[in-house]
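This report walks through one protein chain, from single residues to the whole fold. Keep the sequence and the 3D view open while reading.

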Amino acid sequence: MYSMLYFYRQTWRSLASRAEHKWDPFLMVELRGRKVGIIGYGDIGQASAKLLSAFGMEVTGVRRSASTKEVDEYGVRLVHGDAERERVLRESDFVVNILPGTEETKRFFNKELFSMMKPSAVYISIGRGITQNEDDLACALRDGVIRGASVDVFEREPLPAESPLWDISDDKLLLTAHSADRTANLVPDSVRRFIGLVNEYAKTKRLDTYLVDPVRGY
């Protein structure tokens, strides 16, 4: 949500105006009614959709395989397949990349996909860093192919000093150091969840959540 508000409320502009002691009223843009395409609609996507729906946004979740329902409990329209993914990329105001990191998804978001997006679109990356071509992203931002990007994950971390992303201006890129989930509660919450799973397995000899498919890689 913060990434979206950063661009639509122009946070960088307010900070620059304050530094200059400049009174600079300007029109804000509402999130309500804007289209969001979540590429890689799994657990994180569903948690995000719950918040997005509360803001009155129109959300579409792109999955690898077909779902048994067209719309989920958060009002998200579920689609799959190349044609539907391309349609979502072309129509969305925000494209959220939550793809898992596999050989199949390596540098999946590249020049071709960025060029499908609207010039006013914002790309948000919170999945795995290897799923985007960072040189292509930097070019797309510099050349105005897309409006902006918010990136929290990278192919190499820490992000190398020579990365072109460092030189993209604040009005086009919100760059954070893989810290979207880094809070004071991260470790205790993770331990609590792990203990709960261990206890569940000890009682039932099975788990229905947090399962990894070794073939798919996620």
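A polar contact here is a pair of N or O atoms within 3.5 Å; within protein, one must be able to donate a hydrogen and the other to accept it, and residues adjacent in sequence count only if both atoms are side-chain atoms.

## Basis

The model is predicted: local features need pLDDT of at least 70, side-chain atom pairs count only at pLDDT 80 or more, and totals for chains, interfaces and linings use all residues. Residues are numbered from 1 along each chain as its sequence is written, and side-chain values use heavy atoms, with hydrogens and water left out.

## Asp-93

Start with two polar contacts. The side chain of Asp-93 reaches the backbone nitrogen of Lys-35 at 2.8 Å. Its side chain also makes a polar contact of 2.7 Å with the side chain of Lys-118.

Where does Asp-93 lie? Its place is the loop between helix H4 (82-91) and strand E4 (94-97). Helices (H or I, at least four residues) and strands (E, at least two) are DSSP runs, numbered from the N terminus. Asp-93 counts as buried because its relative accessibility is 7%. Buried means under 20% relative accessible area, exposed means over 50%, and partly exposed lies in between (1.4 Å probe, protein chains only).

Contact means heavy atoms within 4.5 Å. Setting aside residues up to four places away in sequence, Asp-93 touches Tyr-8, Arg-34, Lys-35, Lys-118, Ser-120, Ala-121 and Val-122.

## Phe-109 and Arg-107

Phe-109 is in the loop between E4 and H5. Arg-107 is also in the loop between E4 and helix H5 (111-116).

Is Phe-109 buried or exposed? Phe-109 has 0% relative accessibility, so it counts as buried. Beyond its neighbours within four places in sequence, Phe-109 is in contact with Ile-39, Leu-89, Val-95, Asn-97, Leu-99, Phe-114, Met-117, Tyr-123, Thr-131, Gln-132 and Asn-133. Phe-109 and Gln-132 are 23 residues apart in sequence, yet 4.5 Å apart in space, C-alpha to C-alpha.

Arg-107 is partly exposed, with a relative accessible area of 41%. Its phi is near 50°, a positive value in a residue other than glycine. Arg-107 touches Ile-130, Thr-131, Gln-132, Asn-133 and Glu-155, not counting residues up to four places away in sequence. From Arg-107 to Glu-134 the separation is 27 residues in sequence and 8.3 Å in space, C-alpha to C-alpha.

## Gln-46

Gln-46 belongs to helix H3 (residues 43-54). It is partly exposed, at 25% relative accessible area. Gln-46 and Val-76 are 30 residues apart in sequence; C-alpha to C-alpha, they are 8.6 Å apart in space.

## Backbone points to check

Which residues does a cis peptide bond join? Glu-157 and Pro-158 are the pair, with omega at about 0°. Pro-158 is in the loop between strand E6 (148-151) and strand E7 (173-175).

Tyr-210 has a positive phi of about 55°, although it is not a glycine. Tyr-210 lies in the segment after helix H7 (186-204). At 53% relative accessibility, Tyr-210 counts as exposed.

## The whole chain

The chain holds seven helices and seven strands. Read from the N terminus, the order is α-α-β-α-β-β-α-β-α-β-α-β-β-α. The radius of gyration of the chain is 19 Å, close to the 17 Å that the globule rule gives for 218 residues, so the chain is as compact as a globular protein of that length. That radius is taken over C-alpha atoms, and the globule rule is 2.2 Å times the number of residues to the power 0.38. The C-alpha trace spans about 65 × 40 × 35 Å along its principal axes.

Of the 218 residues, 35% count as buried. Among contacts with a separation of 6 or more, 61% come from residues 24 or more positions apart. The accessible surface of the chain is about 13300 Å², and 53% of that belongs to carbon and sulfur atoms. Accessible areas come from the Shrake-Rupley method with a 1.4 Å probe; for residues, only the protein chains shown count as cover.
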